[in-house]
There are 2 protein chains.
Amino acid sequence: MILLAVALIPFGVMAQEVKSPDGNVVVKFYLDKTKPTYTLTYKGKTVCKPSHLGLTLAKDKHANNGDREQDLLEGFTVADTQTSTFDETWTPVWGQYKTVRNNYNELAVTLDQAKMNRKIVIRFRVYNEGMGFRYEFPQQKKLNYFIIKQENSEFAMAGDHMAWWIVGDYDTQENPGQTTRLSEIRNTIGKCLDRQPGDQVDGMSDAVTGNSSTTVFSETGVQTALQMKTDDGLYINIHEAACVNYATMHLNLDDRNMVFESALTPDAVGNMCYMQTPCNTPWRTVMVSDDARTMLSSYLIYNLNEPCKIEDTSWIHPTKYNGVWWEMIVGRSSWDYTDELPSVRLGETDFAKCKPNGRHLANNKDVMRYIDFAAANNLSEVLVEGWNIGWEDWANRWKYDVFDFQTPYPDFDIKMLNEYAHSKGVRLMMHHETSSSVTNYERYMDDAYSLMNKYGYDAVKSGYVGDIIPRGEHHYGQYMNNHYLHCVTEAAKHKIMVNAHEATRPTGLARTYPNLVGNESARGTEYEAFSGNKPDHTVVLPFTRLQGGPMDYTPGIFETDLSTWSQNKHKIHTTLVGQLADYLVMWGPLQMAADLPENYAKHDDAMQFIRDMAIDWDDSQYIDAEPGAYITVARKAKGTDNWFVGGKCNEAGHKVTVNFDFLEKGRKYECTIYADAKDAHYDTNPKAYVITKKVVKQGDKINMVEAPGGGFVMSVIAK
Amino acid sequence: MILLAVALIPFGVMAQEVKSPDGNVVVKFYLDKTKPTYTLTYKGKTVCKPSHLGLTLAKDKHANNGDREQDLLEGFTVADTQTSTFDETWTPVWGQYKTVRNNYNELAVTLDQAKMNRKIVIRFRVYNEGMGFRYEFPQQKKLNYFIIKQENSEFAMAGDHMAWWIVGDYDTQENPGQTTRLSEIRNTIGKCLDRQPGDQVDGMSDAVTGNSSTTVFSETGVQTALQMKTDDGLYINIHEAACVNYATMHLNLDDRNMVFESALTPDAVGNMCYMQTPCNTPWRTVMVSDDARTMLSSYLIYNLNEPCKIEDTSWIHPTKYNGVWWEMIVGRSSWDYTDELPSVRLGETDFAKCKPNGRHLANNKDVMRYIDFAAANNLSEVLVEGWNIGWEDWANRWKYDVFDFQTPYPDFDIKMLNEYAHSKGVRLMMHHETSSSVTNYERYMDDAYSLMNKYGYDAVKSGYVGDIIPRGEHHYGQYMNNHYLHCVTEAAKHKIMVNAHEATRPTGLARTYPNLVGNESARGTEYEAFSGNKPDHTVVLPFTRLQGGPMDYTPGIFETDLSTWSQNKHKIHTTLVGQLADYLVMWGPLQMAADLPENYAKHDDAMQFIRDMAIDWDDSQYIDAEPGAYITVARKAKGTDNWFVGGKCNEAGHKVTVNFDFLEKGRKYECTIYADAKDAHYDTNPKAYVITKKVVKQGDKINMVEAPGGGFVMSVIAK
């Protein structure tokens, strides 16, 4: 299946070529007859065979002359090509590095579609770690407004690669990750779609396991970021960057030819995107390397986003938090205040007259307990879910006015609790579950953010569970993508950080809007209480979900057997130390210590790591990595000489040598090692760990053994 | 085709009966086997033959046990019946009468659907002028949330009645009115739907003439209010009252049996309404009388609405206004500021740098001219359209952020102009064209209303031209009906009166929210500049469109030949005096003097009527009326002893004797009569009129002759 690059392009065809700064990545662009086409190679190996580019436009009843509905697929000639080089270094507000280099060579091809008297530009940016391209639509007489019916960008793979993928779905990203050859995607999805009523669903493993909102669109449809590995050792990752005013892209595989084609998320009437020139698509990215670590260290996605648009970012800060949450997820307590109500009407239902159910955790006493725990454990915020009225009938009723985001339950004294938190040096974190009733949320949003300002909240976790209202819209369509960004920009006016759950998977927008400090957008720790996450889950996600931005994964579950404190029979699919390791491999400026205070109390020695750990970095060095197998990383805490090292592995276990080359020469460091015990195992013996301390210096080495589903962490504190 | 009432109900079936207070209207309810069924008679004549009631529910993927998707059509037994009598007199904030009597007998039937273990209530209210019924859904274990797929309320007509109808459409109400037998509806609509490209459209007469947003759903679908007349002289009108949180109803005719069935407006995914118990449908109304005047004087629709929910209504006032509008409609000037821009981006496009097109009428100088005219002519407000940026590309582009409702064009000094107006005792009237980008409007709404408060606006004309965003929603669906009411209630918080154009036809909600002072919701005067309104138009609309609330019809066009001052070749299809008469037959608290100041200057003697006329009433007495033929009415100006009398007729002309019985005994009145000249004719001699004065007293009579397409008005001022 391996083609030589020289053979990719038909003899006699004139191709434009642009190389990465180091020369390893080569993009060639040419017209296949009149169709835009590109190839991509890495060190001479084929990454993308000839792949067509173009867009299909929708019929538009308002377009008198049909101009607006002629496809942008063929009939092109090359009118102009421009090449340039760019090299800048920028400083992220938070992230893996103190500074980021953005260095690429660019090729911009202007294409004339003479018959329609219009032109488009396809722009390629080629980095050492891959490339991005996008379509640009200059303002012009014959192309002012148009509707995209489908984007037809191809990514023609050179073989039947191994792939770490999640089923493509317009409404959920929470299906279990799959690891198969490309050729096995169809069967893996198909057998789920072919299920008959009563057939068993493996909630932890099947490709499609259901969700309160789900729309699978194809038997070979997968979402991005898609991580692949070729048989000759190339790591390839396809994703997108800067998805603004556009629908989220999926990939649909032609599995006879191993060609992916872009598959956008439609709106309620089946169109994808409504465009007004001048405008452009998001960047379509293909990262490539022969070193898996490059997939994790690359900032290609962020680099393809616009610089920060928020002038004063001083109020954006890394946040370790705990929350009134896991106890409800596991099922011991409730978001609801009462069991008496068949339904709720905002403004009419009088909760003060309802009998409390005794399981409502967002009450003054328990919230104060969580605040006390946060204050004692170096956590700066406390998330409280279930604080506001409406939870009795919030989900799956197609209800419009579910929440008002402002009225607390009778047992939640919002003023007192915020004052109490502030007196302890802690803030409460706001929670806005929208129930996907988006119109309703937008009506209340400004008041809701103002309420946050009034009481001193500076961060909100928002949620989009269930089918979207406006009805027929999908979670990842242009309409909703605009909504998510609207929330972020409105929140910025109120100096509020946003962590949106069930929202579209990120595409590096946090570079531009760094108050977007987190997203869910994948299967989080909560699933450990539902059906489980496979042990390899957090050594896949950094290659896939984290490409576009951090995930609010909410690790730190120390009591891995939920039945010890609840009716829930599930177990966590990592060791306790593996939970700690997730804080380092699943990097991000927002990290939750998700377990109950009483469970942390049982392992206070391990809790010391959470108290100590940094979550924002001046540097990150990946020691080793392999998708779905292991990731080991050393990170230097922002503004210090302290390092935190972590490794996480799949069910096979892993051995790794930590070489302390990264430490400052001549300096000594107090290293605390949190390791799986010898007989530890995520399933049979997850809470067996050993904590040791030693002094380390540059040049030292420590061999670490990670248990199946386990890992290790180290805090390396400069003396 | 006439059935005796006694034969309507099968022998041996137990029926519940409820009569109007005067005994003329009789509703019988019974179960046809297990299906709810009613009949309606008036003075023993059949109005509705046995008609089934019920609702079809939609499949709901979230309903685990299927409870929520079992139809509410049959399987019922009568569990309980309650009858009661109601009699109150209430005082409207504005309208035809000082006080309104609300007197009905009620029958509430509780129906058990034993198989589903749930119950519903059908409630009938029977008035002297007809009846209303609605479905009520009490909160109950087995009926908490449900989705209505269709409402199946039947209105079984007893014959092939004459009907004054407008084609049923989910997105426009602006098609020309039709006058046909029920049996001719199918052919009348069908021949429009069967048109081939290039076929001629008669824009003034055809049943379907197109609109920037239109969705015809059936060849026998019509909208309400539907006015009919039976061969034995009954006037029957079907409409609805209090359409809140529900989709607007159309009627679909089974023209073999002459049975109408309710046809709701669907949402983007084909469902009609999302319901949460306790709740109810709007009232379905059947008005009936053997006197056409009763159709016009009845307050049945308002009486079926909830009492006023606005505590302080002192800021709601009748408003005579002129506006920067007709000159744009006719085409001599523009809403746009510049012709230079292919498109606009809010916040980016700099209009100060654009070349003005010289036709932008909402400029300081012209607006001041209109203010001066208003001040000199007893008009209290001046509507200004085209004041705000965005008009260059506002329509039919599927554009999202079309307007911000806040930023004036460079030549409109919002502060100065409002101050200038106020110095003359006049207010400006705000204009919010949404371009049907509803999500965008809601985002800006609070700021837009606040801007109005800042500058002293107290009324807004809003518009919904084009297809709705959220896409797939229709103008008259539940989603949009909720939006329109949201605007009204939010505006009330700002003490703003609302006049929404292209919004759903009203259903008497102005009783509850009297700041809803007007709507368009039908073919207005603007069509005289497009393709024309038939001469009978304003002697049909009071029977149909005005049942649910006043129309901002914008009459008063004195220069009936548009070509005298513009490139527009159209003529108005009334006489000049007919335009004056529209102010009285098309009653409402908001009345526009729509023509240009210079056209009024040419007929200042006729303008005197507009200066003098009242637009809010203590009493209204209909002298004669026949749908589509003529309407004559005498109205007593609120808080005075002055009367204004008007008659309007169709192309046949009309003669009527005005008997001044209604005047106060012993008092003398100065009567100014504005009459069509003898040779006046709407088409050939429209501007021929005669103004005479005489003193009148109770008992006097004046014979009036109305020209074809003409009318007359009188101001009768107490001495």
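1. Let me start with B:Ser289, which is buried in this predicted model. Its relative accessible area is 4%, against a cut-off of under 20% for a buried residue. B:Ser289 belongs to strand β21 of chain B, which covers residues 283-289. Two polar partners are worth a look when you open the side chain. A polar atom of the B:Ser289 side chain lies 2.9 Å from the backbone nitrogen of B:Asp291, and the side chain also makes a polar contact of 3.1 Å with the side chain of B:Thr294. Beyond the neighbours within four places in sequence, B:Ser289 touches B:Tyr42, B:Gly233, B:Leu234, B:Tyr235, B:Thr294 and B:Met295.

2. Is A:Tyr299 buried or exposed? With a relative accessible area of 5%, A:Tyr299 is buried, although its place is in a loop, the one between α2 (292-297) and α3 (300-303) of chain A. A polar atom of its side chain sits 3.0 Å from the backbone nitrogen of A:Gln96. Leaving out neighbours within four places in sequence, the contacts of A:Tyr299 are A:Trp90, A:Gly95, A:Gln96, A:Tyr97, A:Val100, A:Glu129 and A:Trp587. For a sense of scale, A:His250 is 49 residues away from A:Tyr299 in sequence, and their C-alpha atoms are 21 Å apart.

3. Next, please look at strand β10 of chain A, residues 145-151. Six of its seven residues are buried, so the strand is largely enclosed by the rest of the structure. β10(A) pairs with strand β5 (residues 55-57) of chain A through three bridges, and the two run antiparallel. In that pairing A:Leu57 stands opposite A:Ile148. β10(A) also pairs with strand β19 (residues 273-276) of chain A, again antiparallel, here through four bridges. On that side, A:Ile147 has A:Tyr274 as its bridge partner. As a reminder while you inspect the side chains, those of a regular strand alternate between the two faces of the sheet.

4. In chain A, the bond between A:Thr277 and A:Pro278 is cis, with omega at about 0°. A:Pro278 is in the loop between β19 and β20 (279-280) of chain A; that β19 is the strand bridged to β10(A) in the previous point. In chain B, the bond from B:Ile469 to B:Pro470 is cis, with omega near 20°. B:Pro470 lies in the loop between β25 (459-463) and α8 (478-493) of chain B.

5. Where is A:Ala242 found? A:Ala242 is in the loop between β16 (235-241) and β17 (249-254) of chain A. Its phi is near 60°, a positive value in a residue other than glycine. A:Ala242 is buried at 17% relative accessible area, the limit being under 20%. B:Asn378 likewise has a phi near 60° and is not a glycine. That residue lies in the loop between α5 (364-376) and β23 (381-384) of chain B, and at 48% relative accessibility it counts as partly exposed, since exposed starts over 50%.

6. Now the overall picture of chain A. How many helices and strands does chain A have? There are 11 helices and 36 strands. Along the principal axes, the C-alpha trace spans about 75 × 65 × 55 Å. Buried residues account for 67% of the chain. Of the contacts with a separation of 6 or more, 71% are between residues 24 or more positions apart. The accessible surface of chain A is about 24,200 Å², and carbon and sulfur atoms contribute 47% of that surface.

7. Finally, the two copies. In general, two copies of a chain are related by a rotation about an axis and a shift along it. Here, chain B superposes on chain A by a rotation of 180° with 0.0 Å of shift along the axis, at an RMSD of 0.0 Å. That is the relation of a two-fold axis. Of the interface residues of chain B, 100% are interface residues in chain A too, so the copies meet through the same surface.

Technical notes:
Residues numbered from 1 in each chain as written. Chains lettered and ligands numbered in written order. Predicted model: local features only at pLDDT ≥ 70, side-chain atom pairs only at ≥ 80, totals over all residues. Heavy atoms only, no water. Buried < 20%, exposed > 50% of the residue type's maximum accessible area, 1.4 Å probe, protein only. Pairing = 2+ DSSP bridges. Least-squares fit on C-alpha atoms with pLDDT ≥ 70 in both. Contact = heavy atoms within 4.5 Å. Areas by Shrake-Rupley, 256 points an atom, 1.4 Å probe, with all protein chains shown as cover. Polar contact = N/O pair within 3.5 Å; in protein donor to acceptor, adjacent residues only side chain to side chain.
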